[in-house]
2 protein chains.
Amino acid sequence: MNSSLPPWRSSIARALHRNRSLPNARYVQLATIDSNLRPQNRTLVFRGWLEPESKIKLVTDIRSSKAINLLADASPWAEACWYFPKTREQFRLGGILELVTAASSNTSYSQARQAAWEQMSDSGRIQFDWGTPGANRSDDPQDFNPPQPDAHQPSANFCLLLLEVRSVTHLELRGEPQNCYLYELVDGEWMIRSINP
Amino acid sequence: MNSSLPPWRSSIARALHRNRSLPNARYVQLATIDSNLRPQNRTLVFRGWLEPESKIKLVTDIRSSKAINLLADASPWAEACWYFPKTREQFRLGGILELVTAASSNTSYSQARQAAWEQMSDSGRIQFDWGTPGANRSDDPQDFNPPQPDAHQPSANFCLLLLEVRSVTHLELRGEPQNCYLYELVDGEWMIRSINP
């Protein structure tokens with residue numbers, strides 16, 4: 001690990017390692033706020049870190065509610081809740097979401113989107129060409145049987161979703177009493193405090 | 001199952017049964033909105049249903065952020081994301097939260113709070129008398145070693161948290177293509193539609 005990484009990165013790396021036998025240890029629940037000011041919450045797959053800022057990489061379809069809300073400027077705030085079943089610890093990662101679409105003019109973001117597409121499985125990639133998510137179920141089987149997309153040419157619907165982390169709460173349920181740590185950005189520096197669980 | 005139950009209840013009952021070997025199959029991630037209009041998201045234990053309205057029972061400490069936000073009328077809206085690892089299915093349950101404190105004047109709610117307290121384990125009950133959640137870590141070990149509370153007399157900090165469900169999205173990741181069902185309350189009746197995943 002690079003010493004310039006935020007101090008909570010090593011705790012998450014350790015949890016990922018210790019829970020590596022569980023596929024769902026890479027699933028996070030992402031809470032956002034929609035245009036009606038109601039929370040939305042869904043499970044997404046952690047796709048790694050965008051360096052050097054330690055942004056969490058997720059992917060989404062531009063036709064999904066979270067992408068639509070971000071494009072409509074509903075609210076960029078989000079909180080990811082990441083529970084590790086084997087070690088019984090939870091990270092709450094609050095921050096700001098950014099959506100990287102095919103139209104992004106940020107070169108490093110576009111490169112990260114391209115790389116994320118290339119790292120998807122074939123079965124993951126094809127879903128971005130399925131019928132519109134959330135619409136009434138398509139009757140036409142062809143809507144779920146499009147041509148297999150090019151592994152190097154992202155679907156126009158494919159978006160990278162970046163979470164820029166501003167605060168982290170790490171709760172360890174093992175321990176008597178439980179340990180809980182709060183990491184906060186203060187004047188650009190990460191401060192850590194031990195808090196009551 | 002009673003035929004007057006909402007139609008999504010049987011799907012959740014089946015998921016709970018099929019995932020019963022996993023303790024974390026009873027964990028849900030609850031998203032709420034705080035007074036700064038930012039989402040908060042944390043893991044809570046499903047404590048069963050409040051009948052006959054099929055409200056989801058959760059418990060919380062009156063000193064926790066979610067209780068404080070509800071008491072401050074920040075927003076009663078919430079969405080629980082419930083992922084079942086073994087059967088690979090997700091329920092998103094959106095609705096309205098109600099907090100049942102020691103001061104509740106609703107008799108059936110007070111009885112439900114009392115019953116929820118009695119169903120807690122000793123180690124669960126004692127946490128409601130620990131030092132204030134989220135405050136700087138108490139130096140005094142006594143803050144984590146209070147007298148064991150009475151199993152029949154709820155701590156004054158103990159609250160029942162009820163989620164009145166207004167919409168449910170059920171996604172089955174197994175299946176080619178995946179199945180997804182949306183349940184919505186329309187004029188007091190539950191309507192179900194099959195939608196694209």
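**View 1. Contact between chain A and chain B.** Chain A places 45 residues in contact with 45 residues of chain B, contact meaning heavy atoms within 4.5 Å. This is a predicted model, in which local features need pLDDT of at least 70, side-chain atom pairs count only at pLDDT 80 or more, and totals for chains, interfaces and linings use all residues. Side-chain values use heavy atoms, without hydrogens and water; residues are numbered from 1 along each chain as its sequence is written, and chains are lettered from A and ligands numbered from 1 in the order in which they are written. Of the interface residues of chain A, 100% are also interface residues in chain B, so the copies meet through the same surface.

**View 2. The axis relating the copies.** Chain A is superposed on chain B by a rotation of 180° with 0.0 Å of shift along its axis, at an RMSD of 0.0 Å (least squares on the C-alpha atoms of residues with pLDDT of at least 70 in both copies). The two copies are therefore related as by a two-fold rotation axis. In chain A, the C-alpha nearest the axis belongs to A:Ala31, at 2.9 Å from it.

View 3. Between chain A and chain B, 27 residue pairs are in polar contact, both residues at pLDDT 80 or more. A polar contact is a pair of N or O atoms within 3.5 Å; within protein, one must be able to donate a hydrogen and the other to accept it, and residues adjacent in sequence count only if both atoms are side-chain atoms. Strand 1 of chain A supplies six residues, the largest share of the side of chain A that touches chain B. Strands are DSSP runs (E, at least two residues), numbered from the N terminus.

View 4. A:Thr43 lies in strand 2 of chain A and, at 17% relative accessibility, counts as buried (under 20% relative accessible area, 1.4 Å probe, protein chains only). Its side chain makes a polar contact of 3.0 Å with that of A:Gln29 and one of 2.7 Å with that of B:Gln90.

Notes
Helix = DSSP H or I, 4+ residues; strand = E, 2+ residues; numbered from the N terminus. Buried < 20%, exposed > 50% of the residue type's maximum accessible area, 1.4 Å probe, protein only.
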